[in-house]
Structures are given as structure tokens and as C-alpha cells.
Amino acid sequence: MRVITNTALVMLGLGVMLSSCSKKEQSQKTGMAYNDRTNGGYLRFRQTHPTPGPGLVPIEGGTFVLGGSADQDITYEYNNVRRRVTVPSFYMDETEVSNQDWLDYLHWINITFPNDQELYYNALPDTLVWRRPLSYNEPYVDNYLRHPAFQDYPVVGVTWDQAQDYCVWRTDRTNENILRERGNLVAWKDKAGKQGQGNASAGAGADQPFNTDIYLNGQYRGQGIDGKKMIPDLNPNAKNTGTGKNGRAVRPVRMEDGVLKQGYRLPSEAEWEYAALALAGNTQFENINDGKIYPWNGLGVRSPKSKTRGLILANFKRGSGDNAGVGGGLNDKADITAPVRSYEPNDFGLYNMAGNVNEWVADTYRQTSFEEVDDFNPFRGNEFSNKRLSDPSKGLYAKDKYGRPIKDPARSNKKLKYSEMLAMQQGGQAANQQQGANGNNGQAGASTPQTKDPLAGKAYTADFRGFNDTVNTALYGTTTLVNNHSKVYKGGSWNDMAYWLNPAARRFMDQDESSAEVGFRCAMTMVGAPEIHPQGKPHLPVKKAKNFKAR
């Protein structure tokens, strides 16, 4: 029975504006009124619990035993030792990313950068993953991605790096659509009408692709960009652009407005396993009534319900040479992959968390990760980065040719003094230019050199993928197949035996490789209170602050 649904999600609405009431709110520490342009325009924003982005469902977090659903270690790798951890609440895609979703991505690249063949080519999935020396799979090579018969099937042949790029693209398109529909940016129809007219009518930068980070930094503004419903700017130092009501100054949306969504990303391994198990469906007052081996209840892979009794509950390989069953009575109704909404969802409302395709997760593989990661929000794979500044004195981000901020490996684990930050940015510009000349655009992960931490006075590296390794990291990729590009995938596929359907089972593959058996789905961080369903539960009150009355 599904217990976590979108309709029960507590939310206060998508459109979030400055607090407005007959009596202005006041600071609890100074007594000054908020949202009053006459006293300096101090801002207090309406508190909200944001809704999930398109395609996502809420996953209420909590504690669980990582690796606990594994009944036995058949591979004898000892890479999923049981460990109790806590996963914060988050959002996750209801389904795997489909071929149609990926075609949307390719279409946007084609219309936005029509002359950039390299970008389009790099975004194409590798359809050759279907080829086998002794199997006739050429029809899938030619048809699987683009034929409408397969449009609702999960996209495959996608590398880990390609999945990451898709997450960035999806974040920007989702936030851009929100802003255009709200009127904070030029509406879609107005933007379409101005395309091809040149900068003289649309304004310089109007043809630049929208990027969330660049927008939040105030670098995506101007004629042909600003919408008709910009937010009034109460800052007395704001320039009067004449575009607001009564000619008053206006501003773009800020993170504090609560309008923009958090970034789409790959789920961590712990998040994926937690979401696949969906133990919330078997929990009452913190008591788990029954554990799980698969995303559904029971010890088997067939339905126990009277109407569907005996039907296979996921798309997997039942045995050697048996991918679909006997003609006239196919057991899982699929020979290769199946549509992304096939079979029953688990208790979180997620489809195909077992079978169909394996799914990339964000973690870098190590055999001992379960023993080493933190017990809160465990994750291995951090490569900390900073956005490069083109003008440190003005705080402007440097952009690549696609309008995205360039990211460099972080140089310190502490906040620098302003003078140190300026010196480090200016001193690093020559090195960054040299990297660009050598073909390194400064994106995180391209290079992680050790730099001297000006505060700690010792070497600092931003790459923590191998943190707490107990052996020489130079051995990785030399004496083993594991290195910092080895990424975890989970869930089992249409061509896997039932063992790999267990949420605790884990395998790895190089981030530059792809397979006809591996796809992915996206996740999103949930900000604010972690509880999703407070109805009918006892709560200690949270008192609201009272307005200060001056005497």
C-alpha cells in the first residue's frame, strides 16, 4: 500500500512573495520594521516549505541500516557491511529518465547551439551498447533512442558524466520556466517573438542561455531579459530603472524568495538504497513491522495478491536464457527494458527501483565505503569547488562559452579574509588562463592540485573521493580496477538475475563507460523541515515571535 503520496505533502505554495500584512513585521533584536523602503528596506521573506520540482516525489528521511537488506554476500566482496545511518528528507524522480526526456535535452542543445556539433555529439547516448558479437541487436541500435515506440522506455547508453550534465541542464530549464511563467523573466511568447531580431531590439545578452547561478549573481539582466512582473526593490541604493510600477526600481528573484528550485542531481548511494526499500510503508511509531529484501514486501519476486497472483513484480532475467517467459504467457511482459511506469510502485511511489535498468548514483566506489562514511547523510565523492571570478572586486563570475560559471577546485577549507580571497583570485588568473590554453576549462574534477591553505599554512586538496583510504591511492587503477572514476550503480536490470534486485547490492563502472543495462534518475535536496506528513501526529508547539512594540 502506498503511504507516501504527493497529495499529502504539506506545502505553502509555489509563488512566494515578500510578507505583506496590515501591520509590518519587526526585527526581534532591533525593533525595526521589515519590508519598509523608508528605513532602508530590511527584508523578511515569507517562510515556506517548497514543493518538489517536476517529476519528483517527496521522500521522508530517517534512520535505516545501510546494507541491511542483503541476506547474503554471494559475490564475497564484503562491500556492503551493515551500518546504521540517517538520510535527510529529499525528493526523487518517480521514474527513470526516459528516451523522450533525453530527446528533449538533445532538442534544446540543437536549437540553442545549432552550430556546435561537438556539444550535441557529446550529449548523444552510445546506442552501440546494444551490439553483441553473437546477438542480432542492430534494430535496437537504430531504433531504441528515437523511435516513438520506445519513447517511454528508460534511456540507456548514458555515462555518469552525461547524467551529471543532464542534471545541470534540467535545473536551469526548470528554473527558467518558473521565472518566465511568473513574469520575472520575459515570457516565452515574447522571447520567441524577439529571437532573430538581434541585440539592438532584444538587448545584449538576451540570447545567452539561462543559468541559475549566473542569474542569482545578478549577471542575467537587461532589455529583452527582465520580465513585466519583476519584484520591487526596497533597497534605497537600487538604481531606478523605470521598469517597475510608478517607475520604481525592481530586482530579479533571489534565493531568499523561495521561488527557485534546488539543483537536480544524482542521488547518493544511501539515498537511493533508502528510497528503494521504502520502509516507511512498514513503519508505525518508529517500529518497523517487517523488513524487506526487495522494494516490495515478501521474500519472493511474484505478486501474492489475488488479482495478480503469480505475476512477476519487476523486469529482470528469471534464469539463463529466460528474459521474458514463454510466448502466450510472458512472465514480466518485457524482453529488454519496459516503459518507465511499468509494474507497481513501491511505498514511496517510485517505479522500477528494482529491475528494468540499473541506475547510476553519485558515489565514487570503494569497497569499504559503508564502514568509513559519516553516519549522517553518508556520501563518498566530494570534489569541492569554487566559482571562478572574472572580476573579484565586483564579484562577477567567469563564464564558459555556454554561459555557465567556470568552477575551479577549492583552495581552502575555511573562509578567507577578503584580502586573501582577492590575492588568491588575482594570483590564480594567470594559472587559469594557462589551463584554458591547455584545454582545461576549469570545471571541477578536471584537475585537483594541492594548494597551500593560507589560513592553515599546509597543503590542501579539494578532492575527497579517496578520503580515509587505508592504502596508497596510487595503487587504485593500477593494481585494481577501482579508481576515482569508478562510480556506483544499483538496482538490477532486465538482463540481471534476481540477486541484483536487492537494494543493498552494489556494483561499479568507470564514469566514462555506458551500458544497455544502466540508466539513471534524478534527485533534489529538500530544504527546511524534514517531516512531510505531520497530520494526526503529536507535536510540541513552535511559537511564533511576537512583534516588538516601541515605547
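User: In this predicted model, what makes S19 and S20 count as paired strands, and in which sense do they pair?

Analyst: S19 and S20 are joined by four bridges in the antiparallel sense. Within S20, Phe 508 is the bridge partner of Val 488.

User: Why is the contact between Glu 269 and Lys 490 called a salt bridge?

Analyst: The N to O separation of their side chains is 3.4 Å. The cut-off is within 4 Å, so the pair qualifies as a salt bridge. Glu 269 belongs to helix H8 and Lys 490 to strand S19, so the pair ties together parts 221 residues apart in sequence.

User: How do you know whether Glu 269 and Lys 490 are buried or exposed?

Analyst: Buried means under 20% relative accessible area. Glu 269 has 3% and Lys 490 has 1%, so both residues count as buried.

User: What makes Arg 132 buried, exposed or partly exposed?

Analyst: Its relative accessible area is 35%. Buried would require under 20% and exposed over 50%, so Arg 132 is classed as partly exposed. Its salt-bridge partner is Glu 517, at 3.7 Å, N to O. Glu 517 has 15% relative accessibility and therefore counts as buried.

User: Why is the link between Asp 463 and Arg 465 called a polar contact?

Analyst: Their side chains are joined at 2.7 Å. Asp 463 lies in the loop between strand S18 and strand S19, and its relative accessible area of 16% makes it buried.

Notes
Residues numbered from 1 in each chain as written. Predicted model: local features only at pLDDT ≥ 70, side-chain atom pairs only at ≥ 80, totals over all residues. Heavy atoms only, no water. Helix = DSSP H or I, 4+ residues; strand = E, 2+ residues; numbered from the N terminus. Buried < 20%, exposed > 50% of the residue type's maximum accessible area, 1.4 Å probe, protein only. Polar contact = N/O pair within 3.5 Å; in protein donor to acceptor, adjacent residues only side chain to side chain. Pairing = 2+ DSSP bridges.
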